[in-house]
Amino acid sequence: MNKIIDGKKISSDIKEELKEEVRLLKEQGISVTLAVIQVGSDPASTVYVGNKKKACEYVGICSLSYELKEETTQEELLSLIGELNHRNDVNGILVQLPLPEHIREDVIVKAISPKKDVDGFHPENVGLLNTGQKGFVSCTPAGVIELLKRSGIVIKGKECVVIGRSNIVGKPMAALFIREDGTVTVCHSKTADLKKVAKRADILVAALGKPKFINREYVKEGAVVIDVGIHRMEGKKLCGDVDFDDVYDLVSLITPVPGGVGPMTIAMLLKNCVESAKRMI
């Protein structure tokens, strides 16, 4: 039995669906445009931004690229965001994180119009998610839900354990599980007896940022395991937060690293862009 949840395949299916949506919008005279801002030249950020641009091009979304110098001031960045907020031809604004130390991330996130916040980080969109209303959802947890649904996993009534409480993954992941009628536990570094709590999970999401931390002692037999982590080990080999080889025989389904959650994050970003264009009609 193949236990792998193929994020590459599922993200590819989503991109094909979006390609058709973008084509139909263009027939109505509506183009979809994403503005991507990168401050500095962090190598990992440059790779991520490049991947986002390629994905946009593939589905027919126009991407505007703003590559700013490391010494760009917070005021200059805010001015650019303000300009993009007011442009009717821009549907989504993405500021690549992390930002240089002299720029406050929270100030920048709040400056982006909630209607163009395709990352789903703005406090207004976070509030909409947590009150069960429609808004943009953080791309990685939204991608996890798509992976589960398209793999035939029923979330309703399931014990869902999220390890990690970040604003980008852990907290919105918990909110989405609640929206899908899952029973949710959020674990973190202060959780007592983490192994015992994790082992209750029907669906276990590992987003704690520690390579191969989750081994078979944390996993219930038959669980679905979603690995959000990505780390580069010695020899440049990639791994996740889960010790894949150690837990494989226990799980019913598992996401690999790479090729699991990662491709879904970009697919959901594109989906948010298309949704933004439709809302602005």
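Is Tyr 218 buried or exposed in this predicted model? At 8% relative accessibility, Tyr 218 counts as buried. Buried means under 20% relative accessible area, exposed over 50%, and partly exposed in between, with a 1.4 Å probe and protein chains only. In this predicted model, local features need pLDDT of at least 70 and side-chain atom pairs pLDDT 80 or more, while totals for chains, interfaces and linings use all residues. Residues are numbered from 1 along each chain as its sequence is written, and side-chain values use heavy atoms, without hydrogens and water.

**View 1. Aromatic pairs.** Rings of Phe, Tyr and Trp (its six-membered ring) pair if their centres lie within 6.5 Å; planes under 30 degrees apart are stacked, over 60 edge-to-face, and the rest tilted. The count by this rule is two aromatic pairs. One joins Phe 213 and Tyr 218: tilted, with 5.5 Å between centres and 50° between planes. Phe 213 counts as partly exposed because its relative accessibility is 28%. Phe 244 and Tyr 248 also form a tilted pair, with centres 5.5 Å apart and planes at 35°. Phe 244 is partly exposed, at 26% relative accessibility. Tyr 248 is partly exposed, at 26%.

**View 2. Lysines over tyrosine rings.** A charge sits over a ring if NZ of Lys or CZ of Arg is within 6 Å of the ring centre and within 35 degrees of the ring normal. Lys 3 lies over the face of Tyr 248, 5.2 Å from the ring centre. Lys 19 places its charged end over the ring of Tyr 58, at 4.1 Å from the centre.

**View 3. The open sheet.** Helices (H or I, at least four residues) and strands (E, at least two) are DSSP runs, numbered from the N terminus. Three strands make an open sheet, ordered E2-E1-E3, with parallel pairing. Strands pair if DSSP finds at least two bridges between them. The edge strands are E2 (62-68) and E3 (92-95), each pairing on one side only. Neighbouring strands are turned by 15° against each other on average, direction ignored. E1 and E3 run parallel and are joined by four bridges. Ala 35 has Ile 93 as its bridge partner in E3. Axes are lines fitted to C-alpha atoms, for helices over the stretch in contact; angles run from 0 to 180 degrees between N-to-C directions. Helix H2 (residues 43-59) lies across E1, E2 and E3, at about 170° to E1.

View 4. Contact means heavy atoms within 4.5 Å. Thr 33 has its place in strand E1. Thr 33 is buried, at 5% relative accessibility. Beyond neighbours within four places in sequence, its contacts include Ile 61, Cys 62, Asp 89 and Gly 92. Val 39 also lies in E1 (residues 33-39). Val 39 counts as buried because its relative accessibility is 6%. Leaving aside neighbours within four places in sequence, Val 39 touches, among others, Leu 68, Leu 77, Leu 99, Pro 100 and Ile 103. The C-alpha atoms of Val 39 and Pro 100 are 7.2 Å apart, across 61 residues of chain.

**View 5. Helix H5 against helix H7.** H5 (residues 123-130) and H7 (residues 170-179) pack at about 35°, with axes 9 Å apart. H5 contributes Leu 128, Leu 129 and Asn 130; H7 contributes Pro 172, Ala 175, Leu 176 and Arg 179. By class, the contact has five nonpolar, one polar and one charged residues. Ala, Val, Leu, Ile, Met, Phe, Trp, Tyr, Cys and Pro count as nonpolar; Asp, Glu, Lys and Arg as charged; the others, Gly among them, as polar.
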